[in-house]
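Subject: Structure for you to look at

Hello,

Here is the structure I promised to pass on. Please open it first, then read my notes below.

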Amino acid sequence: MPFLPEEYIFLFNTLTAAEETLAQLRASLMEAQQQAEELYLRRAEAEAQSGASA
């Protein structure tokens with residue numbers, strides 16, 4: 001295996017960790033978006049039903 005200077009190994013490990021963190025953040029944001037859409041649709045449906053029964 002070729003020798004890699006310590007700073008390159010450090011940089012690689014840091015970038016790898018950042019990439020994993022960003023992937024987790026992306027998943028969290030997608031989940032939040034889905035939950036917000038579900039809440040919006042439920043509210044819109046409830047308002048439509050209450051308006052129809054009035």
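Start at Met-1. Its relative accessibility is 96%, so Met-1 counts as exposed. The cut-off for exposed is over 50%. Met-1 sits in the segment before helix H1, which runs over 6-53. Keep in mind that this is a predicted model.

Met-1 also belongs to a group. Together with Leu-4, Tyr-8 and Ile-9, Met-1 forms a nonpolar patch on the surface. The accessible area of these four residues together is about 520 Å².

Now the whole chain. How many helices and strands does the chain have? The count is one helix and zero strands. The radius of gyration is 23 Å, while the globule rule gives 10 Å for 54 residues. The chain's value is well over that, so the chain is more spread out than a compact globule. The C-alpha trace tells you about the dimensions. Along its principal axes, the trace spans about 75 × 15 × 5 Å.

What share of the 54 residues is buried? The answer is 0%. To count as buried, a residue must have under 20% relative accessible area. The chain exposes about 5,300 Å². Carbon and sulfur atoms supply 62% of that area.

Next, look for charge pairs. Side chains of opposite charge can pair when their charged atoms come close. A search of the whole structure finds one salt bridge. Which side chains meet in it? They are those of Arg-43 and Glu-47, with 3.7 Å from N to O.

Why are the two partners about one helical turn apart? Arg-43 and Glu-47 are four residues apart in helix H1, so about one turn separates them. Arg-43 has 47% relative accessibility, so it counts as partly exposed. Glu-47 is also at 47%, and Glu-47 too counts as partly exposed.

One last distance to check on your screen. Glu-47 and Glu-6 are 41 residues apart in sequence. In space, they are 61 Å apart, C-alpha to C-alpha.

Best wishes

Methods. Residues numbered from 1 in each chain as written. Predicted model: local features only at pLDDT ≥ 70, side-chain atom pairs only at ≥ 80, totals over all residues. Heavy atoms only, no water. Patch = residues over 30% accessible without salt bridge, like charges linked within 9 Å, V, L, I, M, F, W, Y side chains within 5 Å. Areas by Shrake-Rupley, 256 points an atom, 1.4 Å probe, with all protein chains shown as cover. Helix = DSSP H or I, 4+ residues; strand = E, 2+ residues; numbered from the N terminus. Buried < 20%, exposed > 50% of the residue type's maximum accessible area, 1.4 Å probe, protein only. Rg over C-alpha atoms; globule rule 2.2 N^0.38 Å.
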